[in-house]
Amino acid sequence: MPAFRQVGEKQLPNLVVCMAWSPKRDLIALANTNGERVWSLPPCESTGKEITALFWRPDGKILAFSLGDTKQVVLCGVEKAEILHMFQMQSPVTCMNWMEVTEDNSVLSSFYSSEDESKLFLPKLPTLPKSYSTTLKIFSEEKSDEILNLFGEVRLNILVLGGESGFVELYAYGMYKIATLSGVSGTCQSLSLSSDLKSLSVITKVRSADNRAEICYIQLDTSLLSDCLPELTRMARKFTHISTLLQYLHLSLTCMCEAWEDILMQMDLRLTKFVQEKNTSTQVQDEFLELLLWGQSSPELQALLMNQLTVKGLKKLGQSIESSYSSIQKLVISHLQSGSEALLYHLSEVRGMSLWKQKFERLGLDSDAIDGAITAVGSFSLKANELLQVIDKSMKNFKAFFRWLYVAMLRMCDEHVPPELNKMTQKDIAFVADFLSEHFSENEELFNRKGKYFNVERVGQYLKDEDEDLVSPPNTTENQWLKFLQQSTYLKESPLVFPSYPQKSLHFVKKMMETVIEQCLQEPSEVIGKSVKQAVFLPLYTMPEKMENTPRFFELPSLWNDKKAKTHCVVFCMPEVSPSRLYILKKGTDSNRHIPNSLMCVDLSHYLDDTDGDGAAAQSQCVFSCLDACFYDNEMLTVVLQGPEKLNSRCVLAQLPLASTLSCETEVSLDPNVRLDQQCSAIPCQGMMLGNQWRELENMKAQFVAVNGIRKVACVLSSNLRHIRVFEMDVEDEDDEGVDSQNVSTDQDGLETTVISQGPAEESLEFEGEAKEQERDVFQKTVEHLKSEEAL
């Protein structure tokens, strides 16, 4: 009777390059080669298509994946299939691991309980208008505290990324880089950070002297992270808040740019065209002043107003300016200012940490760099306040100007002027005259720079992403505070006074602030990275040339962190030396701790214990080779085995109990300077009897397997990377053949209709057994929708 129950099978149209089970749900993410998906989040140039690695956050709510073509790492929310965060890498990521700290102590407990203190002092960040948040959706939901989506639990979790040339980086909460490691040789194949933060295991591929690819095991000592866990958690939490607030301010400014309309440039462009076409040498402001004072205009000005601008166009322009300016003003007040205040609050708390040198100096916190970041945020707040003043002044000027011009144009066309608009005091006339003299003077330098003589509209220049100075900076000659600062010997160069940069745009000051803060955030990662030292370097074996030249996306060795025993476990094969043997290496997370039976070998010969019929003896003599293996849990290993050619190379899915394998008390003495495959004869070997914990994979040339021991499921992938089967591992198939076929048929239908895409170039498949009927209602709408797409 075959073990494990098959609950799904599917032939996929594209090659699967990565697969990973969710740690909390019966959900598996598959990445394919051309980025197809069933719904949402299509691949695009801004993200990319070439998935190189993926991994779930420990709570199963966020999926991280890396893209080779754009060198980006993307964090995707699973429930709504939306991009929550992305960041650029220096080189493509080849592997990743996401670990959650399990260590707990009284200091951390008190920190967890006081984590929400900022909510007592800071209001919730307002939600950005949905009409503007079209490209990024991180803050476009109804909840105003959507910013915390990226954090998950308060408990520290770390995303580890590895790539070529020994590049390894650690990101707290998947966002803030806390360490950049150096000294790792070769290309990273897989990673595993211990849950106690004492060490990081890395499998790398190194080129030997004869240009052969060698697989090596490296263990890095990360004890500084473990020793300073409470301080690291607090610092990472604050810095992640700061990184998220920077993104919030960036999106707020994006919304402001979208609220600003190109129609506001019409007045400048039409006046420039009027200057180029008119035959007289009269200045434009003189033409308008004559119309203001005498009610008379030249034929050219009348043609400009009545034919090009028109009464209807003037009314529309006035409404557009008022609507656009009001929207920008609201975004500045409610979003830019509130985001800047929150940023100042968190930076001030980080500065307080940096002054506690006994606790935080080892982590690289520099109070001077944080002071510079606080000053940059203050300058940004001043520039936002300056923009508010410009908007307020412009709205008053435009209202008065358009009201007068509207009446003048009605009189030109002999139309009735409403009595409420016909009244204009001497003060109103002086106000419009000042506006004309200030805004309607021709500027040759501006024409050479921008192709126009006028800059009547003053708000748009603040929103331009340019390094040039403002075309029309505000007039600060009458500002009493600036006069006082210039005359004061002590305040003139005081670090307590935020510089205002009157000649620069809001975009320029924002970019400067982001640069200063990023430099401030990078310093701890460099200090922590330098503290990490190599504790173990163990060359394992030489990779066969046929495997080296054939691209493989799922490769042994496989890493596992045993949290209870505090050990790193490695399972691997040596195809050229002993294809029928499986090796298990164990190292303590503390490199100074001795681990008995640190290296064992499992002989895969005679492994079947099938007592059904006469074929038992023949099957028990079979010599199988291991195609793939991964840790099911601390005590079980899931393997895909291949039989000899005389048995048609049949494939088997099996469970290997590790307790009996590691029970041997024979110690092995190895030379650390010699590659492991050259001294494999000294490794103690033990046979394995499986009982009924195996199942033949009929009509399938299996190759790879992914498991979730918590949910007790496994997914087997064929060698052509297109055929998958899913199994529940803790049950056996029904004896009744009809019932069995009915179950598989039902599960097959469910599989085909619950393919859910979670990001560029990846798909997710949800498999549900009969015991999970209560979860089916949640996905009913998705199922109905996808059925129609399947039929299409």
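1. Of the 792 residues, 53% count as buried, where buried means under 20% relative accessible area, exposed over 50%, and partly exposed in between (1.4 Å probe, protein chains only).

2. Basis of the values. Because the model is predicted, local features need pLDDT of at least 70 and side-chain atom pairs count only at pLDDT 80 or more, whereas totals for chains, interfaces and linings use all residues. Residues are numbered from 1 along each chain as its sequence is written, and side-chain values use heavy atoms, with hydrogens and water left out.

3. Overall content. The chain has 21 helices and 29 strands; helices (H or I, at least four residues) and strands (E, at least two) are DSSP runs numbered from the N terminus. Of the contacts with a separation of 6 or more, 66% are between residues 24 or more positions apart, a contact being heavy atoms within 4.5 Å.

4. Sheet 4-5-6-7. Four strands in the order 4-5-6-7 make an open sheet with antiparallel pairing; two strands pair if DSSP finds at least two bridges between them. Strand 4 (51-56) and strand 7 (82-88) are the edge strands, each pairing on one side only. On average, neighbouring strands of this sheet are turned by 20° against each other, direction ignored; axes are lines fitted to C-alpha atoms, for helices over the stretch in contact, and angles run from 0 to 180 degrees between N-to-C directions.

5. Pairing within that sheet. Five bridges connect strand 4 and strand 5 in the antiparallel sense, with A53 opposite S66 in strand 5. Their hairpin has five residues between the strands, and G60 takes a positive phi near 75°. Strand 5 (residues 62-67) is joined to strand 6 (residues 72-77) by six bridges, also antiparallel; here L63 stands opposite C76.

6. Sheet 8-9-10-11. A further open sheet of four strands, with antiparallel pairing, has the order 8-9-10-11.

7. Strand 10 and its partners. Strand 9 (residues 157-163) runs antiparallel to strand 10 and is joined to it by five bridges; the bridge partner of I158 is A172. These two strands form a hairpin with four residues between them, and S165 in the turn has a positive phi of about 55°. On the other pairing, five bridges join strand 10 (residues 168-172) to strand 11, again antiparallel. L170 stands opposite A179, and Y171 stands opposite K177. The hairpin of strand 10 and strand 11 has three residues between the strands, and Y173 takes a positive phi near 55°.

8. Cover of strand 10. How many of the residues of strand 10 are buried? Five of its five residues are buried. In a regular strand the side chains alternate between the two faces of the sheet. In strand 10 both faces are covered, with V168, L170 and A172 on one side and E169 and Y171 on the other. Helix 4 (residues 229-259) lies across strand 10 and strand 11 and runs at about 120° to strand 11.

9. Helix 10. The 46 residues of helix 10 (residues 367-412) should span 68 Å at 1.5 Å a residue, and the end C-alpha atoms are 66 Å apart, which agrees; the expected span is 1.5 Å times one less than the number of residues. At the start of helix 10, a side-chain oxygen of D366 comes to within 3.1 Å of the backbone nitrogen of D368. D414, which follows helix 10, has a positive phi near 55°.

10. K504. This residue lies in the loop between helix 15 (480-487) and helix 16 (506-531). Is K504 buried or exposed? K504 counts as buried because its relative accessibility is 18%. A polar contact of 2.8 Å joins the side chains of K504 and D469; a polar contact is a pair of N or O atoms within 3.5 Å, and within protein one must be able to donate a hydrogen and the other to accept it, while residues adjacent in sequence count only if both atoms are side-chain atoms. Leaving aside neighbours within four places in sequence, K504 is in contact with K383, D467, D469, L470 and V509.
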